[in-house]
Amino acid sequence: MNYSAFLQLHNEMTLLAVIVILLVIDVFSSEKGYRFFQTLALILFSIHTLLNCVPGEPFEVAGGMYMYYPIHTYIKTILNVGTLIVLLQAHRWLNTEENIIRRGEFYFLTLSTLFGMYLMISAGHFLMFFIGIETAALPMATLVAFNKFNNKSAEAGAKYILSSVFASGLSLFGLSLVYGATGSLYFDDIAKIMTASQIELIGFAFFAVGLFFKISLVPFHLWTPDVYEGAPTSITAYLSVISKGTAVFVVFTIFVKVFGVMIAQWQILLYIIIVLSITVANLFAIRQQNIKRFLAFSSISQAGYIMLGVISGTALGMSSLVYYVLVYMFSNLAVFGVVTIIENHADKTSIRDYTGLYYTNPKLSIVMALALFSLAGIPPFSGFFSKYFIFSAAFKEGFYVLVFIALANTVVSLYFYLKVVKIMFFNQSENPIERISTDIPSKISLIICTLAIVFVGLVSSIFEQISVLGFGI
Amino acid sequence: MQYTLLILLLPLLSFVVLGLMDTKWKARVAGSVGTLVLSVVAALSYYTAWAYFSTANVGGIYQKIVPLQTVWMQFSGQLHIDLGILLDPISVMMLVVISTVSLMVHIYSLAYMKGEKGFERYYAFLSLFTFSMLGLVVATNIFQMYIFWELVGVSSYLLIGFYYTKPEAVAASKKAFIVTRFADLGFLIGILILSFYTQTFDFGVLNSGNAGIFASASGVTFMGASVLSWAMALIFIGGAGKSAMFPLHIWLPDAMEGPTPVSALIHAATMVVAGVYLVARLFPVYVTYTPDVLHGIAYVGAFTSLFAAVIACTQTDIKRVLAFSTISQIGYMMVGLGVSGYGGHEGTGYMASMFHLFTHAMFKALLFLGAGSVIHAVHSNEMQKMGGLRKYMPVTHLVFLIGCLAIAGIFPLSGFFSKDEILAATYMYSTGLGIGMSFIAGLTAFYMFRLYFNIFWGKENSYEHSPHESPLAMTIPLVVLAFFSFFGGLIPFGKFVTSDGAAYTGETNYVLAIVSVLIGITGILLAAAMYRKKTMLPDRVSQSLGFIYQLARNKFYVDELYLFITKNVFFKGMASPVSWYDRHVVNGSVNGLAVVTQWVSVKIKGIQTGKVQQYAWVFLLGTLLMAFLILFL
């Protein structure tokens with residue numbers, strides 16, 4: 001075997017190195033842990049991110065089990081940056097008395113899920129892909145149940161693992177049908193042999209469910225609000241952005257690359273699912289009282305918008321999708337950053353608790369408002385541009401009615417995003433959240449997010465860079 | 001003329017600085033900084049106008065000048081989004097209008113908003129609004145315009161909701177934002193369609209008269225109309241939202257809950273005319289390729305104008321009277337555009353509409369600020385609380401009278417000239433529509449003088465402390481605006497702003513002019529008879545009109561209709577079933593479901609497993625449904 005091939009996987013390898021180093025330090029340090037453990041983790045992870053942010057030439061390893069395309073570097077870098085922001089936001093929470101002894105686990109688990117996602121993204125073979133999914137899912141369930149002495153967190157963990165296993169089972173069943181019909185698990189081979197026969201179609205449907213579960217599209221979204229509410233907020237943030245971002249990217253590549261023959265069929269399917277996801281999630285979001293449940297439904301509807309990029313199946317769709325994930329990541333992490341800070345300091349998660357936040361914590365509420373405006377797609381914030389690109393990608397392929405439905409839904413979503421803004425700025429509370437002095441890592445994360453919300457849309461070269469590599473699959 | 005960029009950057013800078021400083025600066029400092037910056041902007045705008053109109057005329061036609069243009073985003077092979085500054089007669093005119101009114105409002109607010117909580121924030125928002133509005137008018141392409149269009153929406157939301165402690169103000173700001181956003185949906189779809197078929201966003205290309213780019217859009221039909229007509233109609237819906245055309249007008253009267261100077265800025269001179277400006281901007285496309293849509297715009301404008309004028313006759317809140325009057329006058333401008341042809345005599349309507357936009361901005365800002373001065377003195381918006389104020393507030397009284405005479409179209413004030421041109425153009429298009437518009441002119445004179453007599457004449461109220469004239473910072477802007485309202489009509493507008501850029505001097509139709517003035521005077525006399533002295537006449541008139549009066553007084557129940565639709569159809573019809581599903585199915589709190597899930601909950605205690613099992617069922621059902629769909633569709 002040619003071991004030099006591993007060197008080509010430098011993204012995976014450096015991540016693995018970071019994981020191993022952190023694990024070793026954690027195991028051999030004293031009860032209270034190594035004092036600079038977290039700083040070290042952040043530095044190592046930043047180095048890893050920087051080392052792997054320049055796209056290279058396409059190649060394949062292990063006979064096509066692993067395929068690399070330049071766009072992978074972009075999506076993986078987006079995930080890295082997102083993870084880094086989550087780590088910054090979790091910094092203070094991990095330093096609390098109850099968590100300090102298990103913060104090593106937190107880093108180990110988080111980075112392991114990331115490793116699994118890398119494999120999903122670059123897989124060229126369904127076995128590799130499935131290993132990636134499971135590598136990501138198991139540590140994720142553990143993370144959801146990280147506050148295991150908190151009933152809600154434990155419950156969420158159980159729910160997540162049960163639903164996840166169920167989805168994997170269905171997915172695997174679908175894959176076995178596909179394998180039976182085509183006799184291969186290599187993406188390229190399947191694509192050549194596949195004829196869209198009935199058994200393949202059924203196989204596809206079952207397989208797709210597993211991915212729709214990860215993206216939490218209606219009707220496979222039911223776990224989302226409970227898990228989002230129960231999991232520690234930093235994990236929710238991670239789940240809503242990183243896990244979802246990977247899944248949408250993978251859906252695009254596999255749908256187009258492997259199941260390209262059935263484009264007519266999966267477009268119909270996605271059509272229905274997009275309409276359902278956006279509409280149902282919006283209607284539910286209006287009624288939510290808990291900010292985390294509210295964000296869960298918001299993320300479901302955002303996922304519906306992202307799928308507009310998939311349904312187009314074109315290069316423009318691909319680059320709009322990656323761009324959307326980028327912008328959505330910053331906006332959503334900004335909201336979660338604020339929610340985390342408030343939960344850590346004041347232990348409040350109800351939307352009503354945010355009443356008059358502007359009068360005690362103007363900076364936090366402004367960040368939150370900007371992020372919500374971006375999520376609602378109001379120009380000139382980045383969220384508007386990502387929506388515009390993804391809508392025009394679908395529009396170009398003739399999905400006029402679908403785009404109209406999606407647009408109409410943005411007005412509904414505006415209503416509930418604005419409601420939160422209104423509560424923060426225009427209402428006054430008798431018993432407001434006290435002035436919070438934010439810790440430095442969280443501050444840094446919020447500054448990064450805010451800058452991105454304001455400037456990613458305006459700096460046009462970002463979209464152009466992505467679209468150059470648009471169809472690298 | 002690259003210095004024009006400063007016109008945009010200065011207010012933005014002022015917003016950033018004032019926003020960052022927030023309460024660190026004293027209120028007086030923040031106000032002075034904002035006002036100072038804006039006076040520089042105004043000076044630059046005047047200079048630009050002078051430079052443009054004196055140099056850009058080549059061969060008798062005003063050229064379009066693009067001093068700055070960068071490709072900002074390459075979208076696909078041909079389609080790209082630019083950022084730039086476009087100077088042509090209408091954008092230069094708008095620069096002057098916006099910076100003038102905004103400067104007056106800045107000065108006026110120094111006194112009017114004195115002592116308000118968040119004074120610094122108010123000035124920051126004013127700067128942001130001015131920036132957005134200026135950016136909107138100089139946009140070189142429709143996409144750039146849309147971005148600033150939304151920014152205008154956001155900043156007006158912040159300004160209307162400034163009195164955040166007043167629930168009505170907060171509700172009004174939200175209503176304004178959402179209604180106009182809804183209309184913007186049409187705008188955005190229109191842009192998508194237009195750019196998709198023509199492969200360009202650029203106004204220069206769209207208005208170049210190159211028929212080739214519209215070939216594909218004119219060729220394709222959808223539900224009996226060409227795709228191009230759809231696109232242009234949808235774009236107009238966006239404009240109708242901002243310009244408060246029926247039935248999207250409902251937000252404007254409510255928006256009066258905001259501070260009065262804000263109403264003068266946003267709801268008289270700037271944001272509400274954005275829709276008119278949009279149609280004027282794309283006028284060559286409308287008139288050449290989609291004349292049907294343009295005629296539709298004329299009728300929408302005429303109906304809105306009549307509708308709002310009737311309501312204005314019955315309102316008692318002085319700001320609401322002005323709000324409905326604004327809606328009516330914008331209808332006038334839309335009619336002017338709608339009946340216009342292209343070039344020369346045919347294009348009178350276009351010129352007249354822009355002229356009216358200009359004069360209206362001056363006298364309506366004057367009226368709003370005058371109303372603010374009155375409200376400042378008596379601390380109320382209601383007519384009943386006023387009366388006989390002419391003795392106490394001589395300056396306000398005089399300027400308000402000038403504003404009323406101008407809007408009533410009395411010679412030789414500015415409103416006479418612009419309104420007369422619109423009427424002339426309308427009669428040229430259709431006599432029926434012309435008679436209708438003349439009638440509205442009479443109504444306008446009537447309700448404006450109803451307002452005037454009720455405030456300054458009539459029976460004197462017993463005031464708790466006698467009202468006094470407003471301070472200089474408020475009266476000076478009033479006098480300046482009164483000057484423009486009085487003499488603005490003497491500007492030979494046709495020399496500067498026409499549909500094709502060539503100067504045009506229309507001959508005055510003396511019969512029409514005299515008849516119009518007589519109609520105006522009739523309206524005034526009628527109002528004087530009813531309201532100059534306290535009599536029983538108004539009550540008797542309203543009683544004899546009975547049902548119709550009630551209908552108009554309640555704004556024809558349009559708000560209630562919307563409320564009914566959103567409440568009963570949307571919330572009851574859609575959200576309630578969803579919430580039912582949420583409560584009974586998702587939360588699984590119904591007893592019947594417990595039976596199904598009991599055995600699992602026994603196995604793993606402490607977790608509400610019923611739910612997970614239920615989720616799995618939905619999951620599986622969804623999967624099977626998907627498999628079924630994919631097989632048989």
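Reply: Helices (H or I, at least four residues) are DSSP runs, numbered from the N terminus. The expected span of a helix is 1.5 Å times one less than its number of residues. This is a predicted model: local features need pLDDT of at least 70, side-chain atom pairs count only at pLDDT 80 or more, and totals for chains, interfaces and linings use all residues. Residues are numbered from 1 along each chain as its sequence is written, and chains are lettered from A, ligands numbered from 1, in the order in which they are written.

The part is helix H17 of chain B, residues 394-408. Its 15 residues should span 21 Å at 1.5 Å a residue, and the end C-alpha atoms are 21 Å apart, so the two values agree.

Next, burial. A residue is buried if 20 or more other C-beta atoms, placed from the backbone, lie within 10 Å of its own. H17(B) is mostly covered, with eleven of its 15 residues buried. Among them are B:Thr396 and B:His397. B:Val399 and B:Phe400 are buried too. The run B:Ile402, B:Gly403, B:Cys404, B:Leu405, B:Ala406, B:Ile407 and B:Ala408 is also buried.

What do the buried residues of H17(B) pack against? Five partners, each in chain B: helix H16 (348-378), helix H18 (414-429), helix H19 (431-456), helix H20 (472-487) and helix H21 (510-531). Contact here puts two C-beta atoms, placed from the backbone, within 7 Å.

After the helix comes B:Gly409, with a positive phi near 80°.

Chain B also meets chain A: 43 residues of chain B are in contact with 47 residues of chain A. H18(A) gives the largest share of chain A's side, nine residues.

Notes. Helices (H or I, at least four residues) and strands (E, at least two) are DSSP runs, numbered from the N terminus. A residue is buried if 20 or more other C-beta atoms lie within 10 Å of its own, exposed if 12 or fewer, and partly exposed in between; C-beta atoms are placed from the backbone.
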